[in-house]
Amino acid sequence: MLRKRVAMQDIAAETRLFNSRALVAMLVVCAMFSVILINMYNLQVRSYQDYQIRSEGNRIKVLPMAPNRGLISDRNGILLAENRPVFSLELIPEQIADIHNTVLALAELIPITPEQQQEFLQQVRQQRRFNAIALKERLEEEEVAIISVNLHRFPGVTIEARLSRHYPFADLFTHALGYIGKINTDDLRKLEEQGQLANYAASREIGKLGLERYYEEQLHGTMGYQEVEVNNRGRVIRVLRSVPARSGKNIRLSLDVGLQLTAQQTLQQKRGAIVAMDPRDGSVLAFYSNPSYDPNLFVHGISSSNYNALLHSPDRPLINRATQGIYPPASTIKPHLALLGLETDTIQPDTKVWDPGFFTLPNSDHRFRDWKRGGHGWVDVYSAIAESCDIFFYDLGIKLGIDTISDYMRQFGFGERTGIDIHEEASANMPSRGWKRARFNQPWYPGDTVPLSIGQSFWTATPVQLALSTAVLVNKGMMPTPHMAAELSSESSSELIDPGLRPSVNVVDEQNWQVVTDTMARTVSTLRGTAHNAFKKAEYTSGGKTGTAQVVAIAQDAKYDADTLDEHQRDNAMYIGYAPADKPTVVFAVVVENTGGGSSVGAPIGRQLLDYYFSAGVNANE
Amino acid sequence: MNNTLVSPEQRSGKLAAFHIDLPLLLGLLTLLAFGLVILYSATGQSEAMMKAQVIRLGVALAVMVGIAQLSPQTIRRWAIALFSVGLLMLIAVLLFGYVGKGAQRWLDLGFMKFQPSEVMKLAVPLAVAWFIASHNLPPRLWHLLVGFLMCAVPTLLIAKQPDLGTSLLIAMSGVFVLFMAGMSWRLMSFIAVLVSAFAPVMWFFLMHDYQRQRVLTFLNPETDPLGSGYHIIQSKIAIGSGGLDGKGWLQGTQSQLEFLPERHTDFIFSVLSEEFGLIGVLLLLAVYLFIIGRGLLIASRAQDNFSKLVAASFTLTFFVYVFVNIGMVSGLLPVVGVPLPLVSYGGTSMVTLMAAFGVLMSVSTHKRMLANG
């Protein structure tokens with residue numbers, strides 16, 4: 001045993017010691033509870049806002065809802081671009097006991113390729129089990145029917161309808177409407193720059209070309225959204241707030257289906273373009289480029305074989321010839337040049353020029369030939385335009401000089417984009433001294449002015465420019481802006497599109513303008529007029545000007561023979577016109593590539609257009 | 001052993017006959033009731049889980065009352081036996097244990113799975129107190145060394161399972177006995193220095209990767225918000241967004257929409273904080289403080305040193321549970337997997353805790369009989 005002294009227990013001391021330790025312990029407990037409380041105060045009071053926001057961010061998700069795209073119709077309300085329901089077969093994994101067998105059973109009802117099944121099963125592994133996953137998209141109507149009657153056998157299997165863009169007229173309006181396609185990274189970048197990215201959160205497609213692209217903002221509409229409460233796995237527990245999407249605006253175009261069809265028929269098998277518009281406001285009535293293609297191919301993603309076929313076709317169907325086709329305007333600009341001569345007093349209405357069939361510059365023996373062998377004899381401005389005499393204009397061109405011509409023609413819109421409401425537009429070329437210096441580093445020679453005076457050599461124009469310049473001519477200097485969209489409308493409001501007319505060409509003497517339009521009317525009405533044959537027995541009056549553009553330079557003294565030339569080297573046929581002759585309500589331009597003369601090919605197409613225009617009363621209600 | 005000279009405050013009352021300490025019982029019942037209210041919300045209103053928890057509660061209360069009937073002397077006699085059996089079972093677990101959740105903690109007895117570490121939660125303080133109290137206080141150095149050894153052996157065995165959290169808590173419950181017995185402050189400072197020197201050794205040689213990860217996550221949870229930091233971030237969001245008066249019962253979005261992980265077990269305090277706010281937290285802490293205060297009071301009024309030391313150790317261990325759980329869910333401590341005592345869903349730890357409170361009640365109510373004897 002231990003010694004007594006040590007073994008003696010001092011109970012009072014032990015109790016004191018224990019109680020002091022218990023007190024220390026209680027104090028420590030209180031101190032540590034205080035630490036907890038201070039921490040709680042920091043979390044729940046001082047940082048409350050912070051955590052409140054993070055808590056809301058956890059539970060609230062915003063589900064975007066895509067708006068319906070606006071519809072596009074022709075001037076009479078016939079739908080040109082619509083939204084059709086497409087059906088897809090979708091499965092919700094968590095509601096299906098045996099996914100593999102369900103897929104196999106469905107594949108017995110409708111054809112489902114092994115690739116589609118593989119893709120689906122992969123998606124099932126990757127996605128949340130309560131999300132619907134598509135097994136087959138774009139079902140045929142028959143497939144929808146088969147699945148629908150068997151749906152009761154398959155819990156968790158649904159047929160979902162989604163709206164998809166459809167162009168019922170297929171290739172007829174392609175170059176005007178363009179098309180929509182899947183949003184790509186380029187589109188995303190642009191949307192971000194425009195601050196529109198959020199608005200496209202639920203959208204899959206975007207306007208890629210034509211009016212669909214130009215009016216993307218109006219057609220797309222405003223995204224709606226649902227604010228939903230979700231749990232930690234993202235399952236929607238309830239809808240807190242719902243803001244419906246606002247559909248895009250519907251667009252009524254000024255284009256006319258009938259006139260457009262006429263344009264397509266007249267261009268069958270030929271490459272070319274037709275643009276017709278109302279000169280009074282610039283509303284476009286027909287806008288067709290041939291050959292065309294089916295824009296529906298692009299909506300769901302075009303196959304590479306189809307795309308390559310379009311891209312490499314020698315007829316270049318992807319080119320929008322109406323606005324991007326760059327052609328020498330040829331004789332169609334003679335009225336404009338004559339007007340310039342009259343306005344500058346370079347010629348008078350009765351000025352006569354001797355046409356021996358060729359023209360030579362002083363100190364040169366190069367012969368610039370007339371299209372008519374042997375020449376027209378004495379010609380004045382009337383016969384020079386009606387019969388399309390070249391020598392008269394060679395002479396006039398040399399007298400006017402390049403600077404005067406270039407400045408004046410720019411006022412008619414040559415060398416400038418017309419501002420039509422699609423982005424695919426070329427400015428073509430109105431040459432000048434400065435342009436030639438910049439382009440070739442050469443001075444401008446008088447020899448350059450001679451072919452320029454009959455719309456050849458460096459001068460090029462697009463069909464829409466030709467139509468517009470005709471409108472300026474009949475409007476006596478007032479220029480409209482061509483536009484295909486006539487009216488934007490939403491459920492609540494509608495807005496007419498009228499860019500208005502603007503003075504573009506300075507008028508010296510209105511009489512001169514009358515003289516020029518008279519000469520164009522004579523092209524149609526007088527026996528020797530180049531369009532007389534084409535417009536024989538027409539029930540309306542009209543004016544016009546033919547053009548035959550050389551695509552390749554013809555060697556000195558050689559004779560143009562279409563049969564011996566390769567097709568792509570044959571002449572382009574051109575025709576510009578307007579009607580009725582006294583108060584024009586329509587102007588138009590026709591370009592047909594590599595088919596021959598403006599008189600034999602161009603003018604007859606103009607005739608067919610105008611025949612339809614007047615018989616159907618395309619523009620009669622205005 | 002007739003050295004009980006001080007006449008203790010003697011109490012009488014109807015409940016005394018059943019050896020029930022009324023204030024402690026009221027405190028515990030309040031806590032359990034509050035706990036059930038939170039649990040109903042935290043289980044997503046699962047009636048099956050509520051039923052299971054209420055049955056466990058009944059069992060635990062019965063165990064508490066049952067143990068309260070034993071006198072401290074009886075408990076003291078059995079302390080070293082319990083400790084020895086516990087040690088044997090810990091060794092058995094390492095040899096034949098059942099592996100669950102990557103750790104070898106369970107012993108399969110055929111009809112139930114059983115964690116011997118739960119026994120050691122009671123046995124270690126009882127055994128250390130038995131040894132220390134059999135000598136005069138304050139303990140001499142070699143008494144302390146033996147005490148430390150009695151703590152260290154089970155601690156290392158449990159740490160090897162691996163269950164670092166439990167092993168540290170058990171070590172602590174033994175150390176509390178030594179502290180209350182009057183271990184000198186100088187020695188405690190020395191041990192503190194020794195432990196901090198040992199920390200790097202532990203980090204590099206004793207800790208498992210997942211344990212190191214927990215510590216790293218604790219130090220900076222935002223570095224891995226979807227991985228290991230997710231728990232603590234979501235928990236802090238739940239607590240913080242509760243604000244002063246909470247989102248309302250069953251209205252906590254973090255808990256009801258399951259952003260909060262382990263919401264009915266380790267993170268149940270976050271559910272309380274979210275739905276009842278700072279006011280709810282204050283209420284819960286007040287109840288805990290009352291129980292702890294009552295426990296220390298029972299300890300200081302106890303008649304013999306064994307009773308004093310055991311009662312104080314159990315009370316302080318209970319406090320450590322509370323502090324560690326709240327500390328870990330609110331970002332003060334790393335996540336170590338300690339449930340909120342008497343509130344979290346789960347059985348074994350609740351029975352163990354109530355058994356400890358049974359010992360406290362025994363200490364509190366067997367004085368007169370002692371005095372009489």
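**Exercises on a predicted two-chain model**

Strand β8 (residues 224-230) of chain A pairs with β9(A) in the antiparallel sense, over six bridges, where strands are DSSP runs of E, at least two residues long and numbered from the N terminus, and pairing requires at least two DSSP bridges between two strands. The model is predicted, so that local features need pLDDT of at least 70 and side-chain atom pairs pLDDT 80 or more, while totals for chains, interfaces and linings use all residues. Residues are numbered from 1 along each chain as its sequence is written, and chains are lettered from A and ligands numbered from 1 in the order in which they are written.

**Exercise 1.** Determine how many residues each chain gives to the contact, and which element of chain B supplies the largest share.

*Solution.* Take two residues as in contact if their C-beta atoms, placed from the backbone, lie within 7 Å. The contact then takes 43 residues from chain B and 33 residues from chain A. Among the elements giving two or more residues to the chain B side are α9 (230-242) and α11 (268-301), helices being DSSP runs of H or I with at least four residues. The largest share, eleven residues, comes from α11(B).
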